[in-house]
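Visitor: Could you take me through one part of this structure at close range? I would like to go residue by residue.

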Amino acid sequence: MLKKQWWHGKAAYQIYPKSFYDTNGDGIGDLRGVIRKLDYLKDLGIDIIWLSPIYCSPLADQGYDISDYQNIDPRFGTMEDMEELLREAKSRDMYIVMDLVVNHCSDEHEWFRKACEDPDGPYGKYFYIEDVKDGKLPNNWRSYFGGPVWDKLPGHEDKYYLHVFHKKQPDLNWENPALRQEVYRMINWWLEKGIAGFRIDAIVNIKKPDIHTCYPADREDGLTSVQNMLHDASGLDDFLHEMKIETFEKHQAFTVGEVFSDREDALNAFIGNDGHFSSMFDFSETMAGKSEDGWYACQTSVWGDTYKKCAFDTQKRLGDIGFISNIIENHDEPRGVSHYLPESCNSESAKKMLAAVNVMLRGLPFIYQGQEIGMTNVSFSSIDEIDDCTTRHEYDQAIARGLSEEEALHVVSHFTRDNARTPFQWNDSPQAGFTTGTPWLKLNPNYTTINAAEQIERPDSLYHWYKDLLSLRKSPVYGETIVYGEFVPYLEEQTNLMAFYRNGESGSLLVVANYQPEPQDVELPDGYRKVLMNNMENFLLEGNTLHMDGFQVVILG
Ligand code: TEU
Ligand code: CA
């Protein structure tokens with residue numbers, strides 16, 4: 001039986017602070033901007049806010065490279081701003097969740113500086129530092145962002161350090177108990193400050209097998225995907241269990257793991273009653289159509305039966321094991337409406353369908369900033385317009401595989417993480433109301449039509465649709481069913497029909513979505529004739545047959 005928790009019935013929202021709201025005109029979103037927009041979020045129906053990193057950072061990977069875990073980067077504000085945010089959130093019954101990035105830190109962190117000064121001293125053991133003779137690297141792993149995971153340790157000709165992400169993100173050595181204690185101390189310090197918990201970054205990477213293990217090369221560069229070493233690593237559970245006991249558990253913190261894992265027992269291990277975290281993201285849709293060989297080989301659109309299969313597989317495996325977190329997008333992915341709808345099918349009604357099938361699944365809904373107004377991918381006209389550090393590598397790989405420059409740009413334009421990172425579109429005034437200065441990253445020119453101010457004014461907008469979905473989730477009549485009701489597929493074999501029951505103790509709902517541009521007929525079961533939500537004006541029922549428009553969705557009670 002699932003143990004009930006305070007956060008189950010809530011709704012969560014991810015803020016990417018750099019692009020959310022700028023209050024001092026430097027073109028960079030800040031903590032005061034978050035404070036100013038709390039009422040906007042409260043009004044939407046949000047309770048839990050996950051802040052992407054705002055710690056001190058050289059921003060080589062936009063804050064996921066932390067140089068001081070216990071201070072706020074001046075670009076985002078001050079510790080006083082953070083404390084004010086905590087107070088303001090609390091006074092609105094809202095919760096702040098921070099990003100915990102402890103697979104690696106920044107190469108500008110004091111620990112790494114000291115490790116460079118004295119690799120044989122105590123801080124050398126906080127990292128993976130190896131002697132290298134004749135340029136022979138200890139292994140052939142390829143970093144997520146391209147190139148070998150090894151780089152020269154600054155100040156040393158014959159020593160290299162390991163980084164599975166950017167070279168400015170040296171991996172922390174979790175085998176060292178002293179490092180683990182430092183991390184736990186820092187976590188507890190933040191929890192004592194009053195944050196509700198953490199989103200836990202890239203966490204499966206903290207356990208490595210013997211770092212001298214090589215694997216067969218999978219590209220001409222002679223390197224091999226990090227996935228190979230992850231498969232070989234054993235003992236992750238011990239680290240995570242220890243972290244939970246030493247930190248989260250003592251504070252009843254809410255934790256949501258960024259867990260990419262194909263382990264059979266993943267759900268149970270990570271989010272079962274005795275699991276490491278409160279929740280973890282379901283990345284099955286995110287992973288659909290992806291290729292290990294690079295973005296050029298990934299599918300640019302995942303929809304209909306493919307999307308359904310991903311969502312349903314997780315829901316069926318999940319049962320009562322634990323509480324998953326459902327997303328359509330985040331700061332690492334293309335905009336959901338540009339990826340989970342067939343190309344050029346992102347009308348507002350199609351966006352509403354996608355919203356409904358995602359929010360009505362069992363689990364905690366996380367909305368990524370801008371998703372609630374249907375922000376889309378950007379069209380980049382040159383690789384130089386893209387700032388994200390992963391993109392160049394993917395561009396080069398596409399070229400290496402024979403794509404023309406134009407085709408390669410087209411590919412990276414779809415997948416670049418900058419799609420999700422363009423400034424939030426508040427209104428149709430210059431710079432979309434995001435800043436009075438020059439935004440750090442290009443705005444999506446469609447802000448003149450897609451923006452929050454317009455949608456707040458218009459009762460049938462996507463914004464109001466999200467608001468209605470979240471209020472249904474919290475309503476006294478249907479709340480229990482939506483939060484805890486059993487997930488049961490309906491007419492699962494019918495092509496591009498995504499339909500499911502949510503069967504609770506206090507009632508039952510049926511969600512029916514026509515996940516294709518063409519109309520489709522659906523036989524409804526008896527009962528379920530009360531239309532709670534409908535993204536179209538029509539409800540064409542003949543006998544038991546519902547004639548649905550393309551991308552129509554209805555929630556029936
Ligand atoms: O992402 C971890 C991760 O697995 C990434 O490789 C992800 O698949 C990739 O960014 C998709 O292009 C987390 C953060 O969410 C990401 O923003 C950071 O860059 C990364 O960790 C390193 O901290
Ligand atoms: Ca600012």
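Which residues in α3 meet which residues in α5?

Guide: Happy to, and please keep in mind that this is a predicted model. On the α3 side, the residues in contact are Met-79, Met-82, Glu-83 and Leu-86. They meet Trp-189, Trp-190 and Lys-193 of α5.

Two packed helices are described by the angle between their axes and the distance between the axes. Here α3 spans residues 79–91 and α5 spans residues 177–193. Their axes come within 11 Å and cross at roughly 55 degrees. An angle from 65 to 115 degrees would count as roughly perpendicular, and one under 35 degrees as roughly parallel; α3 and α5 are therefore oblique to each other.

The shell around ligand 1 holds 16 residues, of which Asp-61, His-104, Asp-201, Asp-332 and Arg-417 come nearest. Several polar distances can be given for oxygen atoms of the ligand. A polar side-chain atom of Asp-332 lies 2.5 Å from one, and for Asp-201 the corresponding distance is 2.9 Å. For Arg-199, an N or O atom of the side chain is 3.0 Å from an oxygen atom of ligand 1. On its own, ligand 1 has 490 Å² of accessible area, and the protein covers 90% of that.

Conventions: Residues are numbered from 1 along each chain as its sequence is written. Chains are lettered from A and ligands numbered from 1 in the order in which they are written. This is a predicted model: local features need pLDDT of at least 70, side-chain atom pairs count only at pLDDT 80 or more; totals for chains, interfaces and linings use all residues. Side-chain values use heavy atoms; hydrogens and water are left out. Axes are lines fitted to C-alpha atoms, for helices over the stretch in contact, and angles run from 0 to 180 degrees between N-to-C directions. Helices (H or I, at least four residues) and strands (E, at least two) are DSSP runs, numbered from the N terminus. Angles under 35 degrees count as roughly parallel, over 145 as roughly antiparallel, 65 to 115 as roughly perpendicular and the rest as oblique. Contact means heavy atoms within 4.5 Å. A residue is near a molecule or strand if one of its heavy atoms lies within 4 Å of it. A polar contact is a pair of N or O atoms within 3.5 Å; within protein, one must be able to donate a hydrogen and the other to accept it, and residues adjacent in sequence count only if both atoms are side-chain atoms. Accessible areas come from the Shrake-Rupley method with a 1.4 Å probe; for residues, only the protein chains shown count as cover.
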